[in-house]
Every structure is written in structure tokens, then in C-alpha cells.
Amino acid sequence: MTLKDLYKNRDKMKPKRRSGCLCPLNQQDSQGKSPFPAADVKTPKDDDLIRQALKKNEFLWNVLTEFSMGKLLECFQLKHLDPGEVLLEEGKTNTHLFVLKNGTFEIVENEKKTCNVPIMGVFGELAILHSTRAPQTVRAVSQAAVWTVDGSRYKALMVKARMQKRNETVDYLRNVPSLSKASEHRLYSLCDILRESCYEGKALLAKEDETIDNFFIVTSGSATILATNSSRRLDKLTSGCFYGENILKKDTISPYTIIADFGGVSCLVLSRQAFLDHYQDLDDFLHGKTFSCDHQRLNYEGLELKQLKKLKTLGVGGFGRVQLVQNTKQKDEIFALKLMKKHEIIGKTQIEQVYNEKKLQMGCDCPFIVRLFRTFRDTKYLYFLLEPCLGGDLWNLLKRQRRKYFDTEAAKFYAGCVLEALSYLHCRDIVYRDLKPENVMVASSGYLKLTDFGFAKKILPKHSSYSFVGTAEYLAPEIIQKLPHDKGVDYWALGIFIYELLVGKSPFRNEEHNDLKTYQAILRGFDFVTFPSIISPRARNLIKKLCKHTSIDRLGCLKNGVKDIQTHPWFSKLDWEKLRQKELEPPIRIALNGKTDTRYFESFKEDKEQVMEDFSAWDKDF
């Protein structure tokens, strides 16, 4: 057995994939102090031991950049263990990453010893992303010591560091005359296009009388400006200085030669082509149209919770269940009622999340998104009154197909419906973050509607998110790597979604349902994904363009936005205007016998659990 065996998930395959989420990170307590103890001082030898152990770990090698490696090294604390002391206990939640310093550990599973762990081992990799249950017990055999990191401490430090770095970059950009009038929104969006480059001493950054392709901002070190013909030094570029801003307006011939000084120079670099991939021109960058979220909604203000009669349970989720209900005073009014247990919301510190879910979904008025009409509350539950979609969810419809996948035309139709929903959200700066067939409902019309806004978030470029949320098989690389993310994660998920519709399973699924292996496969990328022959060359091309490793290079994130996806050859026969007007014939007809027919839903046992009551007033505005 190897250390990787610690992460094998031996649970039986669950009927549906569950989404995962990290709790909010509290970086300070009520007195403004850090809740984490100070890291221990390490000798250079300790530092090298930890660094080398991390670099030898395949998963961490793909996740950690030099910057995040440095931040991680700041967090380690030393823990000593006596013989027989347990480091990890089978079935208990683990939130720490461990690097073994000395000593030997045994692995015990189901009260049977399986092997010894030698020194220089690393385990608990997933703790830097999210907590996970330990599948085995790890116990010290001798006097031992481990270097350990609290995953929450590391994530809090990384978020703070990256936010500071983006703010510093925007400060640089504000000092560039041609960019100074741009909005905060635009400047923060430009941060994601810049790349960091280092030039060694005497390296050439630009050459006199030749076309210059890059705009540079020096962040450290220096470079010399000189006229080549006379070799006369004109000036120096030091931290905060920039060169080549005219490339943002037109092709430019460099009047000078720029050479890195001894010791080198580090720069933020923006190529003219990268700028034009995202904006028509400089004027578009400065004055391009932006959108804000509207909050149109349809209310049932006079409707009371006691008027709703339960007909059947439609689904069971993390916090509760969804029921089909009927208005006893207006019996033709049928709704889906989502029940969320208050004590679990409090216990998992998800209060802000459910308020956010209510605000965002209730503000949506789109034919491809499930409407949230209003909410209720009592001592046990929060309630969402939703538009019913009696065709069930797309995951169940997919599994009902004889071949367990959709043909090309059906996949195009369903992907088109989802793209319309994502386009509506992105125009309002809302990123969905949990696309998968389980979260897409089939209306009685046969059209699709996006539901479950638990992970949705309004993200302006200035406030890029770092949260680890979503479903393992659909996560974009930047979420796994704890990099800032935006709407690009939804376009990555759309590529995975299209693949699953055409094949019947996601490209990064493994038979063991092992999250660690899933994340490793995602970080390796689509160059290692097998495309079955049932996926056409056009579909393969679209999926790969949606699933570019770097977010800003993905289809949907370039200057033409969602139009680049809609005009892709794979969608060539889809009439987008007829789709929006619901004038296309859906690929699968939904046959119902009235408004209360639930044939497209699974059967669930009645919930006999005694739900704890909560009499606090945290939800008084719900």
C-alpha cells in the first residue's frame, strides 16, 4: 500500500454527485487577532526537507506555484508524537497537511495493520483544498515528528496575499496615462490578462526601429533605455515604470532599445494580441458597455405557508428536501417547495450563503432559469417557493436513455439552453459555479432551466473569488489551484457538461470516485483525455476551446464573449433566436398527465427525522 491509498474512497457509488463547499474563512477573531497560532521557526535544513517533500508529491507539484509554495512554507508548525499516539483517525475529518520529519508510522484499517509509512512522506494533500475524512488510522510507532499546516490557515493567507497582489497591479495600471480613465471594473479585468515575466541581465526587451509587441510594467529590478546607433544611455526603467503603452492603440515601432540590467528585471507584460483578443480597441476597453443585475420578480405576497399542501417529495439534498406542493385556496397553483434545515445551516456556517442564494435567484427573470417566487421561515426550516419543472432533472433524463447518452442534436439543444442561462447570469456579473446535469431541470415544455443557486456569486473583477466550491468532476483548474476565478469556471464546466451529454460520463471521472485522482487528472488537462469516436471533430474542438487550462483563453472569455460559442461550427444548425422564443421542437417530449404528475422523479422515503428547532432571529429578514 502507498500513501495514495490513504485517499481511496471505498463508498459505494452514489446515485448523484454532491457538490462541495468550504466554509467562509475567518482570518481574524472578534478582537482582530488571527485565530491561528504562529508558525514555528524552521532551520534552512527543515525548510529544504519540506520543500523537497512537497515537490516530490505529484498532486502538490501541479497545484502549487512558487508563490503559493512560499506562502505554504510560512504556515508549517512542528508536532511531536509519542509511540502509539494517533495522528489521523479512521472516519474522522482531517483538515491538515502533513510532512513527516522523522520516525515511523503505521497505517491501520478496520483494526488491521496494513503497512508502515517511512519518513519523508506527505499526506493530507486535499486539506489545502477542503476537509476530507481519513479512510485509515495513522499511528506513530516510535518517537516521531511531523510538520503540519492547518488548511484554513493556508487558504486565508493565500486569499489575502493574492488580493494584495491584484491591488498592487491595479495601482501600477492607474499610473499609465492611456489607462487612467478606465473604471475599476476594467482595470481589475486587465489584471487577468497580464503575465509575469523575468528577464536575465542583458536580455533584450525591445529593439530600436522594430515593431514592439508588448507593453511592460517593471515590478522589480531595472532595465536601461538606449539608442542603439550611439549606444547612448537615455534613462532607466525601475519599479513602477512602464514602456510600450502605444501598442494598446496601434502597431508601434520602438524608438529605443531596452536591455535588462545586471541582476535582471521582472515585469508584468501585456501583448497587443492578448489585449485585442479581449477588447475591440482601447476605446472599447475604456468605455465598453457593462451590465448590472436587475431584480425583477414575481411575488405571491398573500400566500401563506399553511396554505401549501404537500403532494410528493421530488428530491433530497444536503440541507433538506424539495416537495411538490399545491395551494389549497387556488388548486391550479402548483409549486416546488425547497426545505432547508436551519440547524444545519447554522452548524455549517452557511447563513450568508443562503441569503445570497435567495437574493440572486429571486433577482433572475429568465426563461432558462427556475423562478424563485418567495421565501418562508419557521422554527425548523427556511423555505424556497419555486417554479415546478415536472420533467425531472437532466441527470435522470440522461440515465433513462437506452444508450445512457444523448445524440448530437439533443446535446446541442440542451447545451444551448444552458448557455442562454449562463449568458443571462454573466451579463449581470453572476457566476454560477455548479453546473452539472443534476442542477438542470427539465420543464414540462421539454426545455431546460438552471436551478440551485447555492454556490452562485456576484463577482466583479475587483472582487474575484477564491472559494473552493462546486462538484469535483466539474471543477476548473484555477479553483483547484486556489487562484482567483470568475465566469471562466462556468465555460470550463460547460465543456465538461457537453462531453458528459455526448458520452454519458464526465471526462475526469474515475471508477474509485477518488477526488485526489480527479483533481490530478483535471490539472493534467485535456491533452490526456480520451475522446470516444461518438464525439465529432467539431464537438471535440468546442470542448477543448471551452476547457483551455488558462481561464482568459477559453471560448466565452474573449472579446466576443458568448458569441464565440454560439457561432462555433458545432452549433451551426441551432437557431438561437427560435431557441430563445421556445419555437424549436425539444428533442424529447415530456408526457404528463396533469400538473401533479411526478413520473419523471425518483421515489423517496418519507422524512421521519425529528428536526431541531431554532428560535433565534438570524433569519428574521428571510
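Good morning. Before I continue, a word on the basis of this talk. This is a predicted model, in which local features need pLDDT of at least 70 and side-chain atom pairs count only at pLDDT 80 or more, while totals for chains, interfaces and linings use all residues. Residues are numbered from 1 along each chain as its sequence is written, and side-chain values use heavy atoms, with hydrogens and water left out.

Let me return to aspartate 434. This residue lies in the loop between strand 25 (430-431) and strand 26 (440-442). Strands (E, at least two residues) and helices (H or I, at least four) are DSSP runs, numbered from the N terminus. Is aspartate 434 buried or exposed? Its relative accessible area is 5%, so aspartate 434 is buried. With a 1.4 Å probe and protein chains only, buried means under 20% relative accessible area, exposed means over 50%, and partly exposed is in between.

Rolling a probe the size of a water molecule over the atoms shows where empty space is left. A cavity is a set of points, on a 1 Å grid over the protein atoms alone, where a 1.4 Å probe fits but cannot get out, and its lining residues have an atom within 4 Å of a point. Grid points are joined across faces, edges and corners, and a volume is the space filled by probe spheres set on the points. By this rule there is 1 cavity of 30 Å³ or more. The largest cavity holds about 80 Å³ of space. Its lining is made of 13 residues, and those nearest its centre are Arg433, Asp434, Tyr474, Leu475 and Ala493. Strand 29 (469-470) and helix 13 (488-503) are the elements that give two or more residues to this lining. Helix 13 gives the most, with 3 residues.

I now turn to a sheet. Strands of a sheet pair through backbone hydrogen bonds, either parallel or antiparallel. In this model, an open sheet of 4 strands has the order 2-11-5-8, with antiparallel pairing. Its edge strands, strand 2 (77-81) and strand 8 (122-123), each pair on one side only. Two strands are said to pair if DSSP finds at least two bridges between them.

Strand 11 (residues 144-150) has 6 of its 7 residues buried, so it is largely enclosed by the rest of the structure. Strand 2 and strand 11 run antiparallel and are joined by 5 bridges. Leucine 78 has tryptophan 147 in strand 11 as its bridge partner. Tryptophan 147 is also the bridge partner of valine 99. Strand 5 pairs with strand 11 over 6 bridges, again in the antiparallel sense, and histidine 96 has aspartate 150 of strand 11 as its bridge partner. Strand 5 (residues 96-102) also pairs with strand 8, over 2 bridges. Phenylalanine 98 stands opposite phenylalanine 123 in strand 8.

My last topic is charge. How many salt bridges does the structure hold? There are 24 salt bridges, each being a side-chain nitrogen of Lys or Arg within 4 Å of a carboxyl oxygen of Asp or Glu.

One of them joins arginine 139 and glutamate 106, at 2.9 Å from N to O. This pair links distant parts of the chain, 33 residues apart, with arginine 139 in strand 10 (residues 137-140) and glutamate 106 in strand 6 (residues 105-109). Arginine 139 is partly exposed at 24%, whereas glutamate 106 is buried at 16%.

Another salt bridge joins aspartate 597 and arginine 599, at 2.7 Å. Aspartate 597 is buried at 11%, and arginine 599 is partly exposed at 45%. In the salt bridge of lysine 306 with glutamate 304, the closest N and O atoms are 3.5 Å apart. Lysine 306 is exposed at 71%, while glutamate 304 is partly exposed at 39%. Finally, a network of salt bridges links Lys338, Glu357 and Asp452.

Thank you for your attention.

Conventions:
On a 1 Å grid over the protein atoms alone, a cavity is a set of points where a 1.4 Å probe fits but cannot get out, and a pocket is an open set with protein on both sides within 12 Å along at least five of seven lines; lining residues have an atom within 4 Å of a point.
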